[in-house]
Amino acid sequence: MNSKQQYIRAVLEEQYNEVIAVPEKFIQSDLIQFPRHFKVQGSDEKEILISAIITAWFTFGRRSVILKKVEQIHNHMLRTSGSLQAYILGSEYISYSNDHTSIYRMFKGRDFYYLCSCIEDILRKYDTLTISRFIEDIHTSLCFEAADYHCFGKPRTVNKRLHMLLRWLVRKDAIDIGIWESYGPEKLLIPLDTHVSNIAAQIWKDLPKGDNLKKVHLITDRLKEIDPADPVKFDLSLFSIGLDKLNIQWGI
């Protein structure tokens, strides 16, 4: 590792350690609070998974608005059926099958129906799933084939929400939930949002312009040079640096 890589690692490690040293500060304003709530409550793994998928699905736009919407959806499901699993497996979501009114930005009620249909299919075969194979083929599992509806976007795209979902479920620390410990965190890809993209571009000047899957892989590979075993933990560092607008001099 050269001197610049050592400097970058020192900065990112320091920021990561600051985030996980006081996890409540991060969690209380982050969407991970919803699936983490079920983990803290000792809920069934499937309950955590449902919460994580639904939460990640909504994660774009203004954070304060997303938090309210995700809380509203969780409360609706819990009031209706008592648990997220009961709501999905009882097919309560079918009432949204022909609902074309907006539930959040461009998402219509029917989109929520498609998402829940995919989740129900996952739940019904979950106990026989091999997690590694499921993750590698997760696009297929989260696609409503009849409508060719990819719940998290089509394969070979940036798919920030999907990679964030996997970070939550695979990594395990004071922030991430880590219910899928059999899948190595070294296989994850960086969830590329605006903050991460902007800070990464400040660190590595040779990154391509615009956000695409190639850039996702390039940033992930650069982070693997710093920490091969857990590169995506630095998503917390890059995101926090960008969110807090920290002025860091990356050139040495």
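**Close-up views of a predicted model**

**View 1. Helix 3 and its surroundings.** Helix 3 is followed by G42, a residue whose phi is positive, near 75 degrees; helices (H or I, at least four residues) and strands (E, at least two) are DSSP runs, numbered from the N terminus. This is a predicted model, in which local features need pLDDT of at least 70 and side-chain atom pairs count only at pLDDT 80 or more, while totals for chains, interfaces and linings use all residues. Residues are numbered from 1 along each chain as its sequence is written, and side-chain values use heavy atoms, with hydrogens and water left out. Within helix 3 (residues 33–40), F34, P35, R36 and F38 are buried, where buried means under 20% relative accessible area, exposed over 50% and partly exposed in between (1.4 Å probe, protein chains only). These buried residues pack against helix 2 (23–27), helix 4 (45–57), helix 5 (63–81), helix 6 (84–89) and helix 10 (160–170), contact meaning heavy atoms within 4.5 Å.

**View 2. Cysteines without a disulfide.** The structure holds zero disulfides, a disulfide being a pair of cysteine sulfur atoms within 2.5 Å. C143 is in no disulfide, and the nearest cysteine sulfur, that of C118, is 6.6 Å away; with 13% relative accessibility, C143 counts as buried. The sulfur of C151 is 3.7 Å from its closest cysteine sulfur, in C118, which is too far for a bond, and C151 is buried as well, with a relative accessible area of 2%.

View 3. A search of the whole structure finds 15 aromatic pairs; rings of Phe, Tyr and Trp (its six-membered ring) pair if their centres lie within 6.5 Å, and planes under 30 degrees apart count as stacked, over 60 as edge-to-face and the rest as tilted. Y93 and Y113 form a tilted pair, 5.7 Å centre to centre with 45 degrees between the planes. Because Y93 lies in the loop between helix 6 and strand 1 (102–104) and Y113 in helix 7 (residues 109–125), the pair ties together parts that are 20 residues apart in sequence. Y93 counts as buried at 4% relative accessibility, and Y113 counts as buried at 18%. The rings of Y96 and F112 have centres 5.2 Å apart and planes at 80 degrees, so this pair is edge-to-face.

**View 4. An aromatic cluster.** One aromatic cluster is formed by W57, F58, F60, Y96, Y104, F107 and F112. Of its members, Y96 counts as buried at 16% relative accessibility, and F112 counts as buried at 0%.
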